Amino acid sequence: MTSMEVKKALGEIKDWKIIADFAVGGLEWIGFSHKKPELLFIISSQKNTVMNCKTGRIIECDLEYDEEEMIAYTDQVEDEAIPLAGQYGGKIKIKTNQGEQIKIEKTNTKNVFRLTFLTKNNEKIKIFENYGLYTYGFSNDDNYFVISSDSGITVMKRNS
């Protein structure tokens, strides 16, 4: 799937809307805060940023991270070890309390992955099939969803 096809497929998910879609050079890790689930931390080889998923605002931030433990600490959220996920490991929540979930499958083509979004009504929507998948998942309050790949990051927000 091309990035345009991915965006079109994501647009078919009822009750969700795309709030951000952007490239990140040298993307390494991402992670949602537990204490402030609207905050998505983005670590790249170029800089560290935080996206407020409520407002869509992205700012640079001070952040220290441990690639072995896959956690980060920042002045944006005090006393929290933010779990990280990326191309080399880690995990973000793949099921919501509302019953939505993400299923991943390896295809017959080497290093090509397929992601399927299962709605709370059990509707299946293929949202990604390509090389370069890094990570994906929901925020801890179930209101935000992210896909990151070598072409960038797409963030979705649950409609209120």
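What you see is a predicted model. The protein averages a pLDDT of 93, and 100% of the residues score at least 70. Confidence is lowest in α1, with a mean of 88, and highest in strand β3 (residues 39-44), at 96.

## A helix with two sides

Helix α1 runs over residues 3-11, and Val6, Ala9 and Leu10 are buried in it. They share one side of α1, because they cover an arc of only 100° around the axis. Over on the other side, Met4, Lys8 and Gly11 are exposed.

What do the buried residues of α1 pack against? Their partners are β1 (16-22), β13 (124-130), β15 (144-149) and β16 (152-158).

## A look at glutamine 101

Glutamine 101 sits in strand β11 (residues 101-106). It counts as buried because its relative accessible area is 16%, and buried means under 20%. Leaving out residues up to four places away in sequence, glutamine 101 touches Ile94, Lys95, Thr116, Phe117, Leu118 and Phe138.

The largest pocket holds about 260 Å³ of space. It is lined by 20 residues, and the closest to its centre are Ser3, Phe128, Ser149, Ser151 and Gly152. Helix α1 turns up again here, giving the largest share of the lining, four residues.

The second largest pocket has about 160 Å³ of space. Among its 13 lining residues, Gly86, Gly90, Tyr134, Thr135 and Tyr136 lie nearest its centre. Here the largest share, four residues, comes from β14.

Terms used: Residues numbered from 1 in each chain as written. Predicted model: local features only at pLDDT ≥ 70, side-chain atom pairs only at ≥ 80, totals over all residues. Heavy atoms only, no water. Buried < 20%, exposed > 50% of the residue type's maximum accessible area, 1.4 Å probe, protein only. Arc of directions from axis to C-beta. Contact = heavy atoms within 4.5 Å. pLDDT = per-residue confidence, 0-100. 1 Å grid on protein atoms, 1.4 Å probe; cavity = no way out; pocket = protein on both sides within 12 Å on 5 of 7 lines; lining within 4 Å. Points joined across faces, edges and corners; volume = space filled by probe spheres on them.
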